[in-house]
Amino acid sequence: MSVKADMSAIGRPVPLIDGIEKVTGKALYTGDLDTRDALTGRILRAPVSHGRILSIDTSRAQALDGVRVVITGQDCDKTYGVIPIAMNEYPMARDRIRYRGEPIAAIAADDAETAARALELIEVEIEELPACYTPAESRKPDAPLLHDDKAGNLEREVHHTFGSVSDGFDEADIVREESFDCAEINHAQMEPHAALADYDPVRNRLTFHSVTQVPFYVHLMLARCLDMDSSRVRVIKPFVGGGFGARTETLNFEIIAALLARAAGGKVMMQLSREESFITHRGRPNTQVKLKVGMTKTGRITAVECETVMSGGAYAGYGLVTILYAGALLHGLYDIPNIKYDGYRVYTNHPPCGAMRGHGTVDVRHSFEALIDRMARDLGLDPFAVRRANLLKAPLFTANGLMVNSYGLDECLDKVEKASGWVERRGNMPKGRGLGMACSHYVSGAAKPVHWTGEPHAVVSMKLDFDGSVTVLTGASDIGQGSTTIVAQAAAEILRIDLGRVRVVTNDSVITPKDNGSYSSRVTFMVGNAAIEAAKAMRAKLIDAAAGLLDVDPSEVECEAETFFVKGSSQSELPFHDVAIAALAKEGTITVKGTFSTPVEAQGGKHRGGAVGSTMGFSYATQVVEVSIEETTGQIDVEKVWVALDCGYAINPLAVEGQIEGSVWMGMGQGLCEETSYLEGLPAHANLIDYRVPTMAESPPIDVQIVESIDPLGPFGAKEAGEGALSGFPPALVNAVADAIGMDVNFLPVTPDRVLEALTKYRRNLRRKEAAT
């Protein structure tokens, strides 16, 4: 055999196949689409946080020249939402306003100037009602109810106990309890929200382009809210400039754009401003965590009791899942025999919160990793030693029914400890400089989708045609994480062909098979496995054709580097194109399909809410953060980060490294500076000047170590890589602060003003203790 050098498509750095379009400006995002024949859509938003709509008069706006249609909440009587049992939001408020900025009417006009003038002509009479801006206010006995069917303004409360926490605390040598407050934050994705809706009144069909992460959900909600048969709806996702969970749910502006297009009988472009994108929100909720942990003198965790209160905003959204995730993923990282969790998701008069990278887990993980670090200090133990004292031994099922088949946390600990010089440097650094560490994990896709239909979780179609190209069709959304490249690599690897021979077509409901969407880091695991199955089916057809040409049994044929040959023979090599033509001669264009469904044993425990947190495989991460602190100003600078992540197998190490760096960076934003805040319901930071995200100036060197535990169910052994490292950064940061100046902080973000205030109190308390002794 004299085939070309190894053409392995996996396990090596591969530039993202859509990268050229992005870096050259050729990529078309929703806002770049041709709108020359489109009307301009604009939304009128509520000026109060809570109120009853008494009347809306749109007559003056409708009379304005250039205004084609005006709609209000009375034009859609269907609720929508991401959770089928929790759809309590209308695209536009109908009778009640529940947050400042909620849509109450919308206009389609010839141009933006006319649309803006028309909004000013709409007359709305509102009876203002008392508002609740914090969970404490909302839970008062006399608080006004945001939803009449939700007593105490509780969207969802969760109570789970596994083992006996009382016995666990009795076994502990030390029990410590603390409370943490983590600010609400926003995704701050680069691309503002946009949608282009085109309604054909003759055929009663809607073609819809949007920034969504989950075209399938948008498809369902458009059909529901417009009362259209779903076969009449076509959803297309162009390039997306970031998602991070913000676009997992169908959003109100998407439905409003479609309603306007149908009312106008044509095309409507709806582009939100940055402020409107912030108001649409769905960010990580303000979370208050009360945590109690028991530990033996050797560092073994004996029991955990956690109470979590989330400020969910005005509507349900993803809240039911978020509050369940927070408790479910107390499990799966360490071996903890006794865990009690009480979670409360509370309605407030703010924009609805939702899913954000590390969905549901970040704030509780932050609190947990910060507290056990302090307990390690109390016991005179090294933080690494405490984590090692509580490692899992895979394979196993956790107490709440989560399946763990691969577990590389021990190797992550080893790599980061060595790379950071932890043993040599910690405790020997200059004043104001410190090291902190933490661990984290995350799911590789939710084992049960929220819209359960019984269908496979992922479907991939693959086509071979006369030109010798292989076209992969998938409904999976590439939102920057590199999933399209992973699908191409999987196809090329199984078929043993050059990556350039593969084209991937995504996200057009008329062309591509349905996919459950890009959320919970599901695409690599689920769609990757489906792509492998499809490629194996295609390979079988090619092997059969090659066997016919070589006059041997198919079992004797092998393929490497686009060359088919008889195993063990150096004769009769066939190029890929010749074999493809022979295969096509049998049946014409070849189309095959691959699917993936999660095994039943991966679908979580039998308790109520047990499906949330269930997955086929967890990623695991450890990181060390080095900080310097200027005590006179409270300014914290991150000097360097070392991070190791167990991704199972790095199909594309370049993409894995980028995803880990992105996770660390977003964790740094939440830890150092990001926070949404409101003044009586009015967003105070709804722009990228006031809402502070780290820039290149604040971004430290990030030393990335990849750990490969080879998951038995993952595609080529791979697991997720894009979320697992995020929740480790904030606690590693505050643990580094404690190492640098001796002060523990229980709040996020650790902005200079907060740090300086905390330092003042800390020093005052130290002086009092010294005076008392």
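Colleague: Which helix and strands each supply at least two residues of the lining of the largest cavity?
Modeller: The model is predicted. The largest cavity holds about 100 Å³ of space, and 13 residues line it. The elements that each supply at least two of the lining residues are strand E7 (154–162), helix H9 (319–328) and strand E15 (339–347).

Colleague: Which element gives the largest share of that lining?
Modeller: Among the residues closest to the centre of the largest cavity are Gly327 and Ala328. Helix H9 spans 319–328. With three residues, the largest share of the lining comes from H9.

Colleague: How many charged residues does the lining of the largest cavity have?
Modeller: His160, Phe162 and Asn400 are also among the residues closest to the centre. By class the lining has six nonpolar residues and seven polar ones, and the number of charged residues is none.

Colleague: Why is one side of E7 left without a neighbour in the sheet?
Modeller: E7 belongs to an open sheet of six strands with mixed pairing, in the order E7-E15-E14-E13-E8-E31. One side of E7 is left without a neighbour because E7, like strand E31 (747–748), stands at an edge with a single partner strand.

Colleague: Which residue in E14 is the bridge partner of Gly294?
Modeller: Strand E13 covers residues 286–295 and strand E14 covers residues 301–313. The two run antiparallel and are joined by 10 bridges. In E14, the partner of Gly294 is Ala303.

Conventions:
Residues numbered from 1 in each chain as written. Predicted model: local features only at pLDDT ≥ 70, side-chain atom pairs only at ≥ 80, totals over all residues. Heavy atoms only, no water. 1 Å grid on protein atoms, 1.4 Å probe; cavity = no way out; pocket = protein on both sides within 12 Å on 5 of 7 lines; lining within 4 Å. Points joined across faces, edges and corners; volume = space filled by probe spheres on them. Helix = DSSP H or I, 4+ residues; strand = E, 2+ residues; numbered from the N terminus. Nonpolar A, V, L, I, M, F, W, Y, C, P; charged D, E, K, R; others polar. Pairing = 2+ DSSP bridges.
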